[in-house]
Amino acid sequence: MKDMTKNEVANIIHVLAYLAKINNVVDPAEKKTFKIVCERFGIKIPDLKKIIRVSEFKKSLNAIHSKKEKNILVNLIILMVSVDGNVCDNEEKTIIKIMDSVGESAKDYFFFDKNGGLDLQMVADNELKILSNLPPTHPI
């Protein structure tokens with residue numbers, strides 16, 4: 001798997017940051033997961049602030065094109081909203097909207113049951129797998 005570019009990583013991180021504060025409360029578990037993802041991608045706090053300040057959410061979302069990027073994004077947004085053990089309606093609707101906007105379907109991800117509901121236990125059981133499957137990247 002090839003390394004991700006700085007722009008690819010920045011777009012995914014921006015969408016994750018947006019999702020983390022969607023319900024105006026950043027749960028400690030979500031914050032911890034976001035921090036792990038940032039560390040994994042080599043993103044430091046000043047770089048994170050720049051990514052969030054410079055980018056528009058829609059622009060970042062629309063820049064996610066490759067199947068690999070879409071898959072990483074969906075896995076990470078699902079992980080982000082699930083780690084606190086509670087997915088509010090607003091978060092679930094936002095996940096579906098994000099997935100729709102990048103052309104991904106719940107049926108392609110094993111975290112969703114046959115009714116399209118998110119299986120929190122399945123996500124929790126696969127947290128380390130999701131994080132370990134992140135591709136290598138050059139530090140931003």
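How do the axes of α1 and α3 cross, and within what distance do they come? They cross at roughly 80° and come within 9 Å, with axes taken as lines fitted to C-alpha atoms, for helices over the stretch in contact, and angles running from 0 to 180 degrees between N-to-C directions.

Welcome to a predicted model, in which local features need pLDDT of at least 70, side-chain atom pairs count only at pLDDT 80 or more, and totals for chains, interfaces and linings use all residues. Residues are numbered from 1 along each chain as its sequence is written, and side-chain values use heavy atoms, with hydrogens and water left out.

**Helix packing**
- α1 and α3 are therefore roughly perpendicular to each other (65 to 115 degrees); helices are DSSP runs of H or I with at least four residues, numbered from the N terminus.
- On the α1 side, Ala10, Ile13, His14 and Ala17 make the contact, while α3 brings Leu48, Ile51 and Ile52 (contact means heavy atoms within 4.5 Å).
- Sorted by class, this contact has six nonpolar residues, one polar and no charged; Ala, Val, Leu, Ile, Met, Phe, Trp, Tyr, Cys and Pro count as nonpolar, Asp, Glu, Lys and Arg as charged, and the others, Gly among them, as polar.

**Largest pocket**
- The largest pocket has a volume of about 410 Å³ (a pocket is an open set of points on a 1 Å grid over the protein atoms alone, where a 1.4 Å probe fits, with protein on both sides within 12 Å along at least five of seven lines; the volume is the space filled by probe spheres set on the points).
- Its lining counts 16 residues, and Phe34, Lys35, Cys38, Ile45 and Leu48 are the closest to the centre (lining residues have an atom within 4 Å of a point).
- α1 (6-20), α2 (28-40) and α3 (45-54) each supply at least two lining residues, and α2 gives the most, with five.
- Nine nonpolar, one polar and six charged residues make up this lining.

**Second largest pocket**
- The second largest pocket holds about 260 Å³ of space.
- Among its 13 lining residues, Asn7, Ala10, Ile51, Val54 and Ser55 are the closest to its centre.
- α1, α3 and α4 (57-62) give two or more residues to this lining.
- The classes here are four nonpolar, four polar and five charged.

How values were computed. Parallel < 35°, antiparallel > 145°, perpendicular 65-115°, else oblique.
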